[in-house]
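The following exercises are to be worked with the sequence and the coordinates at hand. Each task is followed by a solution in steps.

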Amino acid sequence: MISSETLIQQLKWRYAVKKFDPTRKISPNDWTALEQSLVLAPSSFGLQPWKFIVITDQAVKDRLVAHSWNQRQVADASHTVVFAYKENLGEVEITRHVNRTAEVRGVEPTTLDKFKMSIVGAMTHPAAQEKINDWAIKQVYIALGSFMTAAAMMGIDTCPMEGLQPAMYDEVLGLTGSGYATAVACPAGYRSADDKYAHTPKVRFKPQDVITRI
């Protein structure tokens, strides 16, 4: 357990890095922990409608710059993670999740039929299917938040990036036609010593302006 003081200290330390130090790399052990933070991210029904593409190949990172409105973070960071969502999620993916649940918990899948049908009922009716991709993207953002917070706790910098061209990312990363599509990217690494934004005061509304206690 970390202290409340450490939590607040690291959240204040975190910012969206504008300039990474390309010479500094995240250690294998630290990266393994960050990958586990992705695996352990929560999602509605536990469905995990996502894939996380971890990019360390410099040539691939360099190609993504042109599709990121020329923002260098994707190329200069130690690792760039692309958060992709499962398109048009349906009963096949629900069954996969139920089968995995049975495997992990050591029970027969048939014992989870009621659980399965409750998810199928909620996720596959026409009204839900109209917005299923929007729902999946929202789940991806939960994972993004978990990843950024975990990184901050470890003293590792991140920069969430929506300023990109998803279709071009899909093409570069081989996602086109795979059933997954780019939602957002998040470079991770270490801030450059001359990134002026590291010392810019964090601007947030006062707690009383955004928190209501009842």
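**Exercise 1: Charges and overall build**

In this predicted model, the 24 positive and 22 negative charges of the protein have mean positions that lie 6 Å apart.

Solution. 
1. Read from the N terminus, their order is α-α-β-α-α-β-α-α-α-α-β-α-β-α.
2. A box of roughly 55 × 50 × 35 Å, taken along the principal axes, is filled by the C-alpha atoms.
3. Of the 214 residues, 41% are buried. The accessible surface comes to about 12400 Å², and carbon and sulfur atoms hold 56% of this area.
4. Among contacts with a separation of 6 or more, 80% join residues 24 or more positions apart.

**Exercise 2: Salt bridges**

Task: Determine how many salt bridges the protein has, and characterise the pair D157 and R191.

Solution. 
1. The criterion is a side-chain nitrogen of Lys or Arg within 4 Å of a carboxyl oxygen of Asp or Glu. By this rule there are five salt bridges.
2. One of them joins the side chains of D157 and R191, with an N to O distance of 2.6 Å. Because D157 belongs to strand β3 and R191 to the loop between β4 (180–189) and α10 (207–210), the pair ties together parts that are 34 residues apart in sequence. Both D157 and R191 are buried.
3. R72 and D76 form another, their closest N and O atoms being 2.8 Å apart. Here R72 is partly exposed, at 40% relative accessible area, whereas D76 is buried, at 16%.
4. E93 pairs with K86, with 3.7 Å between the closest N and O atoms. K86 counts as buried because its relative accessibility is 13%, under the 20% limit.

**Exercise 3: A surface patch and a loop residue**

Task: Identify the residues that make the nonpolar surface patch of about 320 Å², and locate M154.

Solution. 
1. The patch is made by I2, L7, I8 and L11. Of these, I8 lies in helix α1 (residues 4–13) and is partly exposed, with a relative accessible area of 42%.
2. M154 is in the loop between α8 (132–153) and β3 (157–158). M154 is partly exposed, at 34% relative accessible area.
3. Leaving aside residues up to four places away in sequence, M154 touches D30, A33 and L34.
4. The C-alpha atoms of M154 and Q10 are 8.5 Å apart, although 144 residues separate the two along the chain.

Key. Residues are numbered from 1 along each chain as its sequence is written. This is a predicted model: local features need pLDDT of at least 70, side-chain atom pairs count only at pLDDT 80 or more; totals for chains, interfaces and linings use all residues. Side-chain values use heavy atoms; hydrogens and water are left out. Patches are made of residues with over 30% relative accessible area and no salt bridge: like charges are joined within 9 Å, nonpolar side chains (Val, Leu, Ile, Met, Phe, Trp, Tyr) within 5 Å. Accessible areas come from the Shrake-Rupley method with a 1.4 Å probe; for residues, only the protein chains shown count as cover. Helices (H or I, at least four residues) and strands (E, at least two) are DSSP runs, numbered from the N terminus. Buried means under 20% relative accessible area, exposed over 50%, partly exposed in between (1.4 Å probe, protein chains only). Contact means heavy atoms within 4.5 Å. Lys and Arg count as positive and Asp and Glu as negative; His and the chain ends are not counted. The place of a charge is taken as NZ of Lys, CZ of Arg, CG of Asp or CD of Glu.
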